[in-house]
Every structure is written in C-alpha cells, then in structure tokens.
Amino acid sequence: MTTPNKTSPGADPKQLERTGTVWDIGSQAFWSLSSCKPGFGVDQLRDDNLESYWQSDGSQPYLVNIQFRRKTTVKTLCIYADYKSDETYTPSKISAKVGNNFHNLQEIRRVDHLRSGVRDQPAQTW
C-alpha cells in the first residue's frame, strides 16, 4: 500500500483504502514465494479471504518476494497474521528488506515478536 500521508500503526488498511487515504499497489508487483504447498500459494496469500493463507513447504527461511517493475515508493506495509488461530504457523519474526535487486537488499525493519491483531485487522502495520 502507498499513502500520501502518514498512517497510524494498527490502522485498518481496508478502511483507509475505502476512504482514499491509501492505495493497494500489490497488483503492480510480481510476487514469489520461497516454497508453498499445493493450493496454498501466492493467490491464497493475496486474496481478501481471512480463511485462506500461504503455507510454506520447505526449510527456513521462508520468503515472500515482492518485485516492482520500476522503482516504487512503498510507505505502508500491512501484514495480517492470526496467531490465535494457529500459533505453530504464524511467524515469530518478520523482516522487511528493500533494494534494487535481490543481491543488494538491506533490512529496513524487523519485528521479533508479533503482537496479536484484532480479527480483520493486521497484526502489524509498518
């Protein structure tokens, strides 16, 4: 998502999108995963159904790569994680990295302990 103004942490991204405060630019990117089980891939990760999800199928680290065709400013990143629903598959650490290619990525934010979100809202908004 991108936004012209600063949004508060924990803000509801769908409400912000409805009011025109933010725009979902995820469809402008190419998404890839380090691994996934059949039927639990990018489509399930990106749909608006809170009952579907991405499930990895391999060894750590588990990666979600989001690549834009040209330089793109991303001001807000929203991640929904339902720790209460299944703590064994909810990540305990999330790192956001940016760069011009896969080989020069630099970490810009890291969360080592996700706090539980309210249903229909992200656990963490950066």
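Me: Where is the place of Ile108 in the chain?
Reply: Strands (E, at least two residues) and helices (H or I, at least four) are DSSP runs, numbered from the N terminus. Ile108 belongs to strand S5. This is a predicted model, in which local features need pLDDT of at least 70 and side-chain atom pairs count only at pLDDT 80 or more, while totals for chains, interfaces and linings use all residues. Residues are numbered from 1 along each chain as its sequence is written, and side-chain values use heavy atoms, with hydrogens and water left out.

Me: Is Ile108 buried or exposed?
Reply: Buried means under 20% relative accessible area, exposed over 50%, and partly exposed in between (1.4 Å probe, protein chains only). With a relative accessible area of 56%, Ile108 is exposed.

Me: Which residues is Ile108 in contact with, leaving aside its neighbours within four places in sequence?
Reply: A contact means heavy atoms within 4.5 Å. On that basis, and with those neighbours within four places set aside, Ile108 is in contact with Ala96, Lys97 and Val98. Ser95 is 13 residues away from Ile108 in sequence, and their C-alpha atoms are 7.8 Å apart in space.

Me: Which residues does Gln106 touch, not counting residues up to four places away in sequence?
Reply: Gln106 sits in strand S5, which covers residues 106-111. Not counting residues up to four places away in sequence, Gln106 touches Ala96, Lys97 and Val98. Gln106 is exposed, at a relative accessible area of 56%. From Gln106 to Ser95 the separation is 11 residues in sequence and 10.0 Å in space, C-alpha to C-alpha.

Me: How many salt bridges does the structure hold?
Reply: Side chains of opposite charge can pair when their charged atoms come close. The criterion for a salt bridge is a side-chain nitrogen of Lys or Arg within 4 Å of a carboxyl oxygen of Asp or Glu. The structure holds two. One is formed by the side chains of Glu107 and Arg110, at 4.0 Å from N to O. In the other, Arg110 pairs with Asp112, and the closest N and O atoms are 2.6 Å apart. Shared partners join Glu107, Arg110 and Asp112 into one network of salt bridges.

Me: What is the relative accessibility of Glu107, of Arg110 and of Asp112?
Reply: Glu107 is partly exposed at 42%. Arg110 is partly exposed at 42%. Asp112 is partly exposed at 32%.

Me: How many aromatic pairs are there?
Reply: A pair of aromatic rings is described by the distance of the centres and the angle of the planes. Rings of Phe, Tyr and Trp (its six-membered ring) pair if their centres lie within 6.5 Å; planes under 30 degrees apart count as stacked, over 60 as edge-to-face and the rest as tilted. The count by this rule is one aromatic pair. The ring centres of Phe40 and Tyr53 are 5.2 Å apart and the planes lie at 35°, so the pair is tilted.

Me: Which parts does the pair tie together?
Reply: Phe40 lies in the loop between strand S1 (29-33) and helix H2 (42-46), and Tyr53 in the loop between H2 and strand S2 (64-68), so the pair ties together parts that are 13 residues apart in sequence. Phe40 is partly exposed, at 26% relative accessibility, and Tyr53 is partly exposed, at 42%.

Me: Is Ser56 buried or exposed?
Reply: Ser56 is buried, at a relative accessible area of 18%. Its place is in the loop between H2 and S2. Apart from residues up to four places away in sequence, Ser56 touches Ser35, Cys36, Lys37 and Tyr62.

Me: What are the elements of the chain, from the N terminus on?
Reply: They run α-β-α-β-β-β-β-β, and the total is two helices and six strands. Buried residues make up 22% of the 126 residues in the chain. Of the contacts between residues at least 6 apart in sequence, 44% join residues at least 24 apart.

Me: Where in the chain is confidence lowest?
Reply: The term pLDDT is the predictor's confidence in each residue, from 0 to 100. Confidence is lowest in strand S6 (residues 124-125), with a mean of 49, and highest in S1, at 95. The chain averages a pLDDT of 80, and 79% of the residues score at least 70.
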